[in-house]
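I opened my notebook to look up one chain.

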Amino acid sequence: MGSDSDLPVMQEAAQMLKQFNIPFELTVVSAHRTPGRMIEYAEKAKQRGLKVIIAGAGGAAHLPGMIAAVTILPVIGVPVKSSNSIDGWDSVLSILQMPGGVPVATVALNGAKNAGILAAQIIGINDEAVSKELSVYKKGLEEAVLSKVNVLKSDWNNQFD
């Protein structure tokens, strides 16, 4: 993340990775205040065993794009609505509008949970244990919705249910 102030948002990605038993690193790497650290982090990520990088940043939000510029790993950008943000739009557009050749997958504003799930899905392509954890998670989502349907149809019957 670009700043420790992003932690309340970014910890949701960490929680999802823990749920799927995926080891991860969580640290502060600022594109603007520690550019050398950012370049070193991104260039050496693959040799440290990382498979995907989730980069969250607010404001100008250059971190995901700059990391994507110096690594071959997939990068997932999390735009963070920060105190210096213009309703988060500056962060969203900074991450979303990458030039051709430097892709960054972008999730919703403050969407770190989905970034964690997307990272797990990417890793799950080649990791059967992660793939199985994802299947269990998705089944749980389905069961939660169907449980809500049952509650609703007792009070609000319709022809479909």
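My entries follow, from the whole chain down to single residues.

**Entry 1: ground rules.** I am working with a predicted model, where local features need pLDDT of at least 70, side-chain atom pairs count only at pLDDT 80 or more, and totals for chains, interfaces and linings use all residues. Residues are numbered from 1 along each chain as its sequence is written, and side-chain values use heavy atoms, with hydrogens and water left out.

**Entry 2: the whole chain.** I found six helices and three strands in the chain. Helices (H or I, at least four residues) and strands (E, at least two) are DSSP runs, numbered from the N terminus. The order from the N terminus is α-α-β-α-β-α-β-α-α. Along the principal axes, the C-alpha atoms fill a box of roughly 60 × 40 × 30 Å. Of the 161 residues, 38% count as buried. Buried means under 20% relative accessible area, exposed means over 50%, and partly exposed lies in between (1.4 Å probe, protein chains only).

**Entry 3: the sheet.** In what order do the strands of the open sheet stand? The order is S1-S2-S3, with parallel pairing. S1 and strand S3 (105-106) stand at the edges with a single partner strand each, so one side of each has no neighbour in the sheet. Two strands pair if DSSP finds at least two bridges between them. S1 and S2 pair over six bridges. I looked up one of the partners: Ile53 has Val75 in S2.

**Entry 4: two helices.** H5 has 13 residues and reaches 18 Å from first C-alpha to last, close to the 18 Å expected at 1.5 Å a residue. The expected span is 1.5 Å times one less than the number of residues. The buried residues of H5 include Ala112, Ala115, Ile117 and Ile123. Their cover includes H1, S1, strand S2 (75-80) and helix H6 (128-155). Next I checked helix H4 (residues 89-96), where Asp90, Ser91, Val92 and Ile95 are buried. These residues pack against S1, H3, S2 and S3. Contact means heavy atoms within 4.5 Å.

**Entry 5: the pockets.** On a 1 Å grid over the protein atoms alone, a pocket is an open set of points where a 1.4 Å probe fits, with protein on both sides within 12 Å along at least five of seven lines; lining residues have an atom within 4 Å of a point. Grid points are joined across faces, edges and corners, and a volume is the space filled by probe spheres set on the points. The largest pocket has a volume of about 480 Å³. It has 25 lining residues, and Phe24, Glu25, Leu50, Val52 and Ile54 are the closest to its centre. H1 gives the largest share of this lining, four residues. By class, the lining has 20 nonpolar, two polar and three charged residues. Ala, Val, Leu, Ile, Met, Phe, Trp, Tyr, Cys and Pro count as nonpolar, Asp, Glu, Lys and Arg as charged, and the others, Gly among them, as polar. The second largest pocket has a volume of about 260 Å³. Its lining has five nonpolar, eleven polar and two charged residues.

**Entry 6: two phi angles.** Most residues other than glycine have a negative phi. Ala61 has a positive phi of about 55°. Ala61 sits in the loop between S1 and H3 and is buried, at 3% relative accessible area. Asn110 has a positive phi near 60°. Asn110 lies in the loop between S3 and H5 and is partly exposed, at 30%.
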